[in-house]
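This briefing is for a reader new to the structure. Please look over the sequence and the model first, then read the points below.

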Amino acid sequence: MSDLSAFPITRKWPAKYPERIQLYSLTTPNGVKASIMLEETGLPYEVHLVSFDSNDQLSPEFLSLNPNNKIPAILDPAGPGGKPLALFESGAILLYLAEKSGQLLPADPAARYEAIQWLMFQMGGIGPMFGQVGFFHKFAGKDYEDKRPRDRYVNESRRLLAVLEQRLTGRQWVMGDEYGIADIAIFPWVRNLIGFYEAGELVSIADCPQVTRALDAFLARPAVQRGLTIPARS
């Protein structure tokens, strides 16, 4: 039996199955990257809901695992060398799970780094820019009389979508015929932008038929459909 008692986070979220990867998350675009990845790889895991409504992410227990107070985070009892590994940042988690499982990341070194660059494209561009569009279009920012901040992020999001559209032209997925971590990173954010944020028209998603084609293929995957609902809200 794995002993995770040295990790304070397990006091707030006790592990029923301490031999499994412990996932601390919420169904945000970043959060579902981890749950989709776990569902795709088949790695055994146990999920814990981190509720923003009750500021769970600011609790001492959660901060002991992720001082950046963001989801997702994981605790793997069987990390490198057989020792427990605590990890935060969704991109780092995707890379770790890909290497642990031997799935969804090319084995060829050149292709591997190409996939990683598209993962970084999401982390450094798509995530932050689409999130700002959501703030200025759907949430508090919509009340701002000055629309220049919103338009700045809208224009950058359009540019990023155009880059993705070009990349997907003639390819099934970001890396070609092989589905992988770049797709798992990118498409939850595209889904959120045109779905939850209701910004499809604003960012001219109609001009990106390859992006929407790949998004539909992504959403049709059973593991994605499961991962998008994990963790379930009580």
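Leaving out residues up to four places away in sequence, Glu39 touches Tyr45, Ala223, Arg226, Gly227 and Ile230, where contact means heavy atoms within 4.5 Å. The model is predicted: local features need pLDDT of at least 70, side-chain atom pairs count only at pLDDT 80 or more, and totals for chains, interfaces and linings use all residues. Residues are numbered from 1 along each chain as its sequence is written, and side-chain values use heavy atoms, with hydrogens and water left out.

- Glu39 lies in helix α2, residues 29-41; helices (H or I, at least four residues) and strands (E, at least two) are DSSP runs numbered from the N terminus.
- Glu39 is buried, with a relative accessible area of 19%; buried means under 20%, exposed over 50%, and partly exposed in between, with a 1.4 Å probe and protein chains only.
- Pro29 is also placed in helix α2 and is buried, at a relative accessible area of 10%.
- Pro29 and Trp189 are 160 residues apart along the chain, and their C-alpha atoms are separated by 5.4 Å.

**Nonpolar cores**

- The largest nonpolar core has 60 residues, and those with the most contacts inside it are Leu97, Ile181, Phe187 and Phe218; such a core is a set of buried Ala, Val, Leu, Ile, Met, Phe, Trp, Tyr and Cys residues joined through side-chain atoms within 4.5 Å.
- At least two residues of this core come from each of β1 (21-25), α2, α4 (90-101), α5 (109-138), α6 (148-168), α7 (181-194) and α8 (209-219).
- The most is given by α5, with 10 residues.
- A second, separate core of 11 residues includes Trp13, Tyr24, Phe62 and Ile71.

**Largest pocket**

- The largest pocket has a volume of about 730 Å³, a volume being the space filled by probe spheres set on grid points joined across faces, edges and corners.
- A pocket is an open set of points on a 1 Å grid over the protein atoms alone, where a 1.4 Å probe fits, with protein on both sides within 12 Å along at least five of seven lines; lining residues have an atom within 4 Å of a point.
- Of the 31 lining residues, the closest to the pocket's centre are Thr28, Pro29, Asn30, Ile71 and Trp189.
- Two or more lining residues come from each of α2, α5 and α7.
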